[in-house]
Every structure is written in C-alpha cells, then in structure tokens.
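Subject: Structure for your attention

Dear colleague,

Please find below the structure that I am handing over to you. I should be grateful if you would look through it before reading my notes.

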Amino acid sequence: PMLIYPSAKHEAKKQDKLFNVESYTNVKTKANLSEKSRQYLNQLGINNLEENIENASLIWLHALAIGYSPLYLRENADGIRQDFPRIPLPNSQELLIKSAELGQAIASLLDTENPVIGVTKKPTPALQKIALISCTDGGNLNPDKGDLIINVGWGHGGKNGVTMPGKGKAIARQYTTAEMSVISPEMRKLLGTKTYDIYLNDRAYWQNIPARVWEYTIGGYQVIKKWLSYREEKLLGRGLTIPEVQEVSEMTRRITAIILLESDLDDN
C-alpha cells in the first residue's frame with residue numbers, strides 16, 4: 001500500500017490531454033499518505049516522501065509492527081472487532097524507524113515470493129529441525145509410489161465447489177531430545193510445550209510443527225491446515241510436487257519466525 005499509481009486517464013484529464021500510451025508511461029507514482037500523515041512525518045524531520053520510498057513506507061511498516069503485537073491485539077480487541085483499530089504513533093524519528101524495522105521483518109516473512117536468510121534460506125539450527133519431511137519407516141520419499149499424495153482427509157468438496165476443511169491427521173507429541181537440543185526454553189515458551197507431526201498420508205509426514213505454529217491463524221483461518229485442505233488428492237487431482245512439499249516447510253518456518261518476534265513486538 002506504500003505507493004499510489006494514478007490512472008493514466010486521470011492524469012491526461014488533469015493535463016487537458018487525450019489519453020494515449022505516452023501519457024500512461026509518463027504517469028508517476030506518489031506516496032500513499034494522507035495530509036495528516038505527511039504533517040506527522042514532517043514534524044519528525046522525515047521529508048522527501050515522493051522521492052524516497054523508504055521514508056514513505058515508515059508509517060505503514062510501523063502500523064504492521066503494531067498490528068502483529070499480541071499485547072496490542074489483546075488491549076484493542078474491541079476496536080479490531082469493529083474493524084476500526086487505532087495505531088499509536090511514536091513521538092520521535094528514532095522510535096518510528098525502530099518500529100518500522102520490526103515491521104519490515106514481518107513484511108519479509110509474509111512475502112512468500114522471496115526467501116528470508118536464516119528462515120527459508122540457510123535456516124538456523126533450530127528452524128532446520130522444524131517441519132522436516134519424513135517417512136514412518138525412516139526411508140526416503142518416493143513420489144512414484146504415492147508418497148506425496150495427500151489423502152488423510154484435510155479437505156473435501158462442499159456445496160457449489162467450495163472446499164471445506166477436514167480433520168486430517170495431526171499427531172500431538174512432546175519434543176524429542178534432538179529437537180530440544182536446538183530449541184531454547186524461551187523459544188519453547190513462545191512456540192508451545194508440545195509439537196505436531198502433520199501427515200500427508202499413512203507414510204509421509206512433516207515432522208515437528210510446534211503447537212502455536214500449527215494453530216496460527218491469519219484472517220481467521222488456520223494457515224497450514226487451510227493450505228492442506230485445498231490439496232487433498234480428490235480435490236487437486238494429483239499428488240504434491242517436491243517444491244510444494246518444501247513450501248509447507250518454508251511456510252512453517254516463516255510462521256515460527258513471526259511468533260519468535262512477539263516479545264520484541266510487544267516491547268515495541
């Protein structure tokens with residue numbers, strides 16, 4: 001939402017010109033900020049909002065950081081329920097920039113089209129142990145034998161072609177010694193004291209998806225479970241591909257990283 005792309009027709013009318021390809025290509029973006037937002041940023045000494053996308057983004061990224069703080073969500077539940085929450089604004093440039101940096105971290109984790117160092121690319125030892133694709137017999141996955149088919153009831157077709165989520169197969173358990181060795185007590189406190197193995201079928205499963213990660217919702221939907229519901233073989237018409245299996249591991253690690261930021265978000 002950081003930038004506005006004015007329509008070429010609007011620009012042509014403003015310049016009293018006929019709309020044409022040239023007028024479209026000459027359209028310039030501008031910062032998507034209200035006059036009050038601009039005044040607030042100017043008061044903090046933040047200018048060049050049209051020329052500097054980073055300056056124009058600060059207030060948006062700050063809002064994202066605030067919106068992902070569990071403390072803020074609890075304290076402002078009524079306003080959020082009415083879809084009219086209020087975002088507190090820092091009284092210094094330093095605090096705004098610090099908050100925006102947290103917001104940028106959240107934005108990067110939500111941007112599934114690009115890798116995140118330490119999370120989806122070269123993950124930390126703790127994240128390497130999360131959502132490992134595994135087999136019940138300890139062997140290797142064989143797509144030709146149906147190991148990547150989802151058929152344990154994560155989703156089914158409803159009325160008018162709507163996909164309905166199902167129970168699936170999620171096995172709750174305690175962390176293993178190997179998993180405990182790379183997850184600190186502070187991490188376990190944030191991620192939950194138990195973990196889940198999430199099954200594609202009776203043989204293949206994603207090993208070690210912490211409880212709070214598995215239960216994590218965005219927009220009211222349990223993220224990983226929602227993803228799985230659309231990929232039941234009866235609905236998808238095929239098994240998963242290797243990149244799709246890896247996508248679940250990466251999705252899980254992104255959510256884990258968001259949860260691990262919660263203390264910093266609350267402090268902010």
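This is a predicted model: local features need pLDDT of at least 70, side-chain atom pairs count only at pLDDT 80 or more; totals for chains, interfaces and linings use all residues.

Helix H4

Helix H4 covers residues 53-67. At the start of H4, the backbone nitrogen of Glu-54 has a side-chain oxygen of Asn-52 within 2.9 Å.

The four-stranded sheet

Four strands make up an open sheet, in the order E3-E8-E7-E6, with antiparallel pairing. Strand E3 (132-135) and strand E6 (170-173) are its edges, as each pairs on one side only. On average, neighbouring strands are turned by 30° against each other, direction ignored. In general, the strands of a sheet pair through backbone hydrogen bonds. Here, E3 and strand E8 (residues 204-210) are joined by four bridges, and Ser-134 is found opposite Tyr-205 in E8. Helix H14 (residues 242-260) lies across E3 and E8, and runs at about 5° to E8.

Asp-197

Asp-197 belongs to strand E7 (residues 195-199). Is this residue buried or exposed? Asp-197 has a relative accessible area of 8%, and buried means under 20%, so Asp-197 is buried. Its side chain forms a polar contact of 2.9 Å with the side chain of Arg-173. Leaving out residues up to four places away in sequence, Asp-197 touches several others, including Lys-169, Ile-171, Tyr-205 and Trp-206.

Ile-183

Ile-183 sits in the loop between helix H9 (177-180) and helix H10 (185-191). Ile-183 counts as buried because its relative accessibility is 2%. Which residues does Ile-183 contact, once neighbours within four places in sequence are left aside? They are Tyr-175 and Arg-188. Ala-126 is 57 residues away from Ile-183 along the chain, yet the C-alpha atoms of the two are separated by 5.6 Å.

Yours sincerely,
A colleague

Definitions and conventions:
Residues are numbered from 1 along each chain as its sequence is written. Side-chain values use heavy atoms; hydrogens and water are left out. Helices (H or I, at least four residues) and strands (E, at least two) are DSSP runs, numbered from the N terminus. The expected span of a helix is 1.5 Å times one less than its number of residues. A polar contact is a pair of N or O atoms within 3.5 Å; within protein, one must be able to donate a hydrogen and the other to accept it, and residues adjacent in sequence count only if both atoms are side-chain atoms. Buried means under 20% relative accessible area, exposed over 50%, partly exposed in between (1.4 Å probe, protein chains only). Contact means heavy atoms within 4.5 Å. Two strands pair if DSSP finds at least two bridges between them. Axes are lines fitted to C-alpha atoms, for helices over the stretch in contact, and angles run from 0 to 180 degrees between N-to-C directions.
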